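Biologist: Hi! Could you walk me through this protein?

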Amino acid sequence: MLTPRAFVALTIASAIALVHGRQTTVVPKAKFVPLHPTASTASLQLTLVLPPTNIDGLHTALYDVSDPKSANYGKHLSKSDVEAFVAPKPESVKAITTWLAQHNINAEVASPSGDMLRINVPVSTANALLAANFTDFKDKDTGATLTRTLSVSIPDDVEPHLQYIYPTTQFIPPLQPNRPPFKIVTPTPGNPAPKRQGFDICSVDVVPQCLEDYYHIPTAPGTAPGNSIAVAGYLDEIASEDDLEIFFLAWRPDITTTPEFDVVSIDGGVTSGDGTLEASLDIQYTVGVATGVPTTLYSVGDSTAQGFIDIVNYLLGLDELPLVLTTSYGFNETDFQGSEDFANTFCNAYAQLGARGTSIFFASGDNGAYSFEYESECDGTTFGPSFPSGCPFLTSVGATTGYDSGPEVVADFSGGGFSNIFPQPSYQSAAVENYLDALGSTNEGLFNRSGRAYPDVSAQGINYVTRVNGTFFLVLGTSASTPVWASVVALLNDALLNAGKPPLGFINPLLYSEGAAALNDITNGTNTGCGAQGFPALAGWDPATGLGSPDYDKLLALVMSL
């Protein structure tokens with residue numbers, strides 16, 4: 001029986017004998033164990049990504065419309081403008097389609113700009129096309145099975161016209177079911193949910209009224225035409241109207257008619273069923289906080305990283321985009337190292353949304369300085385950033401606690417740190433430099449001081465009362481704080497639209513320049529490390545809570561003045 005190391009050597013040697021062009025070879029982490037060659041008749045769906053015409057131009061345009069000091073602030077790009085930056089050159093499309101036709105393969109366009117093509121082929125055809133040896137690997141940590149190859153070869157005349165093909169040599173595990181921590185709440189007899197019984201519920205739990213009171217969030221429903229929130233869902237997560245109705249009866253009695261939400265399926269995502277934890281949390285704290293703002297749950301059936309790109313491509317294909325997108329899922333950035341082209345495509349998809357006026361929020365992770373599920377590689381020698389919070393074109397959200405009896409402090413699980421893939425953007429460089437100067441030698445050598453730093457902001461993240469399939473739970477995590485920030489921005493957009501102003505779009509340049517004064521700075525506490533302290537909260541930005549939590553009144557005054 002071949003050992004994994006011997007299998008890698010034999011596979012690469014076999015591929016080298018067939019190479020006629022650019023070859024990419026990888027040695028996966030030891031946790032990926034080869035099982036057997038993938039059946040030759042098995043079907044593979046491969047996405048071919050072509051180089052964009054002018055990705056630097058897209059980035060420049062995004063910053064231009066997002067910087068409050070720019071004369072073009074708020075003048076978001078049209079659908080055709082964005083596509084022109086990202087579309088491949090005609091000669092690239094011709095080179096790729098000609099190459100595929102030589103193997104009797106027809107490709108479908110998989111993105112609005114045409115920079116992604118998709119093929120469905122038998123493994124035998126994929127092996128021949130790429131001089132590959134597709135094999136089934138088992139991830140010892142998660143038990144997931146991935147079909148991958150250790151080597152691919154691209155012909156010389158095709159190579160300049162192709163960035164990468166996925167999934168081939170990228171060993172990125174799919175999302176794994178990992179519900180946020182929770183506990184069941186026992187309802188008070190005779191009441192549909194725990195009610196105030198001589199004490200302030202906000203001293204122990206979080207319901208919409210607590211967030212409204214502390215963050216000065218308005219209770220009045222949104223009214224602006226064209227406003228909307230998109231909630232991303234994965235792993236067969238679904239929310240139910242029945243749970244939402246009881247949630248509103250208990251915690252939004254000021255709203256006489258429970259708002260509805262829509263569900264859209266992408267990649268075969270579920271559209272109905274009993275309520276599940278994450279989707280219920282996300283819907284109840286968007287619909288329940290930004291009440292009146294039309295909200296859609298986009299249920300994505302593909303739980304791989306490609307599913308995250310597919311939802312963006314779906315949205316980019318719409319003439320009218322949702323103005324806010326919130327996602328409570330993520331990956332470990334270490335799994336994308338060695339696949340930087342893929343990581344950049346992932347990030348650039350969000351740049352396209354931002355350029356068109358969508359604000360994008362991602363949970364920063366629930367393991368402190370160690371991403372989402374980093375326990376198996378948490379060895380105390382280096383911190384592990386989360387993905388895609390390191391992408392500079394989105395807003396990463398951490399978590400706080402303790403606002404009932406005084407200023408908020410860090411929720412110790414709040415994800416934060418520095419990317420090892422994405423460099424630090426200029427909009428945050430001054431704030432991060434101030435933090436690093438104050439931090440001194442603490443955690444020296446454990447993180448990349450020049451990497452994109454996250455989170456950008458934070459909000460309460462502990463004990464959210466959530467109705468799930470007929471039962472009330474208390475839920476914690478950055479997956480709770482993230483929809484709150486999405487709701488705050490949706491309500492700010494509502495005020496802007498009603499005043500004839502454009503929506504906020506990509507908000508980081510605003511937050512790091514003028515917006516910090518409109519936030520509650522968190523200066524106490526630390527997130528967790530691995531056998532050591534993580535990052536302490538200090539005055540100003542920090543990698544535990546970012547710039548701080550929202551003050552809606554101050555934010556409203558700021559954005560209305562622009």
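Here is a chat about the overall fold and then one residue.

Modeller: Happy to! Keep in mind that this is a predicted model.

Biologist: Okay. How many helices and strands does the protein have?

Modeller: There are 14 helices and 28 strands. The radius of gyration is 24 Å, close to the 24 Å that the globule rule gives for 562 residues, so the protein is as compact as a globular protein of that length.

Biologist: And what box do the C-alpha atoms fill?

Modeller: Roughly 75 × 50 × 50 Å, taken along the principal axes.

Biologist: What share of the residues count as buried?

Modeller: Of the 562 residues, 59% do. As for the surface, the protein exposes about 20,800 Å², and carbon and sulfur atoms supply 51% of that area.

Biologist: What about charges? How many positive and negative side chains are there?

Modeller: You'll find 24 positive and 57 negative ones, with the centres of the two sets 3 Å apart.

Biologist: Switching topic: where is T38 found?

Modeller: Look in the loop between β2 (32-37) and β3 (43-49).

Biologist: Is T38 buried or exposed there?

Modeller: Buried! Its relative accessibility is 13%, and the cut-off for buried is under 20%.

Biologist: Nice. Which residues is T38 in contact with, leaving aside its neighbours within four places in sequence?

Modeller: T38 touches V123, F134, T135, D136 and T147. With D136 there is also a polar contact of 2.8 Å between the two side chains.

Biologist: How many contacts across the protein join residues at least 24 apart in sequence?

Modeller: Among contacts between residues at least 6 apart, 80% do.

Conventions. Residues numbered from 1 in each chain as written. Predicted model: local features only at pLDDT ≥ 70, side-chain atom pairs only at ≥ 80, totals over all residues. Heavy atoms only, no water. Helix = DSSP H or I, 4+ residues; strand = E, 2+ residues; numbered from the N terminus. Buried < 20%, exposed > 50% of the residue type's maximum accessible area, 1.4 Å probe, protein only. Polar contact = N/O pair within 3.5 Å; in protein donor to acceptor, adjacent residues only side chain to side chain. Contact = heavy atoms within 4.5 Å. Rg over C-alpha atoms; globule rule 2.2 N^0.38 Å. Areas by Shrake-Rupley, 256 points an atom, 1.4 Å probe, with all protein chains shown as cover. Lys, Arg positive; Asp, Glu negative; His and termini not counted. Charge placed at Lys NZ, Arg CZ, Asp CG, Glu CD.
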